[in-house]
Amino acid sequence: MHFRRIHKFKCVQLMTTGLVLCMVMVSWEDLDHHVVSHMRSYTYRYLVNSYDFLNLSFNIASKHHHGQDGSDSVDWRLGRYPYLLNHPGKCKGDGNGWEDVLLLLFVKTSPENFEQRQGIRETWGNESFLLSELRANVKVVFALGMHPDIKQRSRVQIALQQEDRAYRDLIQQNFADTFHNLTAKLILQFHWCHEYCPQARFLMSADDDIFIHMPNLVKYLRQLMSSQSGARHLWVGHVHRGSPPNRRKDSKYFVPYDLYPWPSYPDYTAGAGYVVSGDVAAKIYHATLMLKSSIYIDDVYMGICANVMGVSPKEHVHISGEGKAPYHPCIYDNMITSHGHATDVRSLWQATIDATVYRRGFKGNLYCTAVRAMLLCLPYYQTTYPCMAAFT
Ligand SMILES: *[C@@H]1O[C@H](CO)[C@@H](O)[C@H](O)[C@H]1NC(C)=O
Ligand SMILES: *[C@@H]1O[C@H](CO)[C@@H](O)[C@H](O)[C@H]1NC(C)=O
Ligand SMILES: *[C@@H]1O[C@H](CO)[C@@H](O)[C@H](O)[C@H]1NC(C)=O
């Protein structure tokens, strides 16, 4: 009896050990693959760093098409979807001339995200607040497609038309609003800018779950305009350098070899929020006319367009990628964007506006630098801004 119990116990122990080993091996393989693909992509990015193949393979006029030819004739027409909701006069003044627009701000949204849009309208996206308090002419519009579910489409569309009558800020095209159609949404933004707001000094593209500290952003854009090089040849955001394509079939970001056989993507900024100057927006527009839009990860597609046009992205430490900034007045001093917000934009907006009015002395600044260093430089579970952002 006693012997048999020990035997059973050992058996369970053995099985558990085996299971744990199996799990370690499986994840080790993943880990290993992850490490190898990053090493390959960084090596490529930092040693070779030539992406001439991009124009060769993605140019619709090129004979060196990569991938199945059948799809080519269709996909270059992406971005020529008709508008369902549009406001052609948004950037025109009362007369017929163009207004002097500092920033055209496109928020990428989805039909059902009404609450997010409302939060933005009442906070950082309030055009009249920006005009009266910051004297900044900013146009905020929402880019979206159609509800992907045909059964719900007409109901949602009626709600969207109502919403648009009230706020006149939805720019909608006739494509299904899905993850794999994000490139269509990107093309919408650059085409709309080219056609209806070409004079805007800057164009920003942002997710609808980010918070933008508009006073800081406007200050930064004005600094750029008064700097020597001026507001030209500029693309700023949270930069991904030498990222490898994701080859795991179960990932949202999976990209098959057919679509992109090379070890690394050209540099690109996180799509959560980035800014381009007007001349770069025009260049990207022209690139979208020339290049196939088969890459459905919109940030990468933007990277390809920019690379072909000779534009490279610049890092801004206060533009976050995926991370959410810590809630602290000392952080609000310099923050520009923070990702992963919903209804908390209202309290955050109030807090940042209050903090803007407040002036700190020397001691206050010292204190804030220490707080920022604590929040950003210690290895916490999440990071938004790099450690050096604490000291700038
Ligand atoms: C890209 O490729 C097209 C067609 O092959 C060519 O006409 C164009 O000059 C190339 N552009 C650049 C920037 O290399
Ligand atoms: C936008 O700001 C203006 C001026 O500060 C204010 O009167 C208005 O109520 C705000 N709009 C919304 C939707 O919150
Ligand atoms: C993108 O939108 C088009 C037009 O509505 C649709 O036919 C297509 O299936 C969508 N693609 C994806 C991947 O959802």
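Reply: Start with a term: a polar contact is a pair of N or O atoms within 3.5 Å; inside the protein, one atom must be able to donate a hydrogen and the other to accept it, and residues adjacent in sequence count only through two side-chain atoms. This is a predicted model, in which local features need pLDDT of at least 70 and side-chain atom pairs need pLDDT 80 or more, while totals for chains, interfaces and linings use all residues. Residues are numbered from 1 along each chain as its sequence is written, chains are lettered from A and ligands numbered from 1 in the order in which they are written, and side-chain values use heavy atoms, with hydrogens and water left out.

Now go to ligand 3. Which residues surround ligand 3? They are Y81, F175, A176, T178, H180 and N181. To count as near, a residue needs a heavy atom within 4 Å of the molecule. By class, this shell has 3 nonpolar, 3 polar and no charged residues. (Nonpolar means Ala, Val, Leu, Ile, Met, Phe, Trp, Tyr, Cys or Pro; charged means Asp, Glu, Lys or Arg; the others, Gly among them, are polar.)

How much of ligand 3 does the protein cover? On its own, ligand 3 has 360 Å² of accessible area, and the protein covers 51% of that. (Such areas come from the Shrake-Rupley method with a 1.4 Å probe; for residues, only the protein chains shown count as cover.)

Next, turn to ligand 2. Its shell consists of R121, E122, N126, S128 and F129. N126 has a polar side-chain atom 2.3 Å from an oxygen atom of ligand 2. Alone, ligand 2 exposes 370 Å², and the protein buries 44% of that. Two helices, α4 (114–122) and α5 (127–134), each supply at least two residues of this shell. (Helices are DSSP runs of H or I with at least four residues, strands are E runs of at least two, and both are numbered from the N terminus.) Sorted by class, the shell of ligand 2 has 1 nonpolar, 2 polar and 2 charged residues.

Now look for open space. The largest pocket has a volume of about 1,200 Å³. Among its 43 lining residues, F179, Y253, Y268, I297 and D299 are the closest to its centre. (On a 1 Å grid over the protein atoms alone, a pocket is an open set of points with protein on both sides within 12 Å along at least five of seven lines; lining residues have an atom within 4 Å of a point. The volume is the space filled by probe spheres set on the points, which are joined across faces, edges and corners.) α1 (2–48), α7 (182–196) and α10 (298–308) each give at least two residues to the lining. α1 gives the most, with 8 residues.

Why is α10 described as largely enclosed by the rest of the structure? Because 9 of its 11 residues are buried. (Buried is under 20% relative accessible area, exposed is over 50%, and partly exposed is in between, with a 1.4 Å probe and protein chains only.) The buried ones include D299, Y301 and M302. After α10 comes G310, with a positive phi near 75°.

Two histidines come next. H87 sits in the loop between β1 (83–85) and β2 (103–108). H87 counts as buried because its relative accessibility is 7%. Its side chain makes a polar contact of 2.9 Å with the side chain of D164. H339 is in strand β12 (residues 337–339). H339 is buried too, at 8%. Its side chain has a polar contact of 3.3 Å with the side chain of D209, and also reaches the backbone oxygen of E322 at 3.2 Å.

Finish with the backbone. N49 is not a glycine, yet its phi is positive, about 45°. N49 lies in the loop between α1 and α2 (52–58), and at 41% relative accessibility it is partly exposed. R168, also not a glycine, has a positive phi near 50°. R168 lies in the loop between α6 (150–167) and β4 (170–176).

Technical notes:
1 Å grid on protein atoms, 1.4 Å probe; cavity = no way out; pocket = protein on both sides within 12 Å on 5 of 7 lines; lining within 4 Å.
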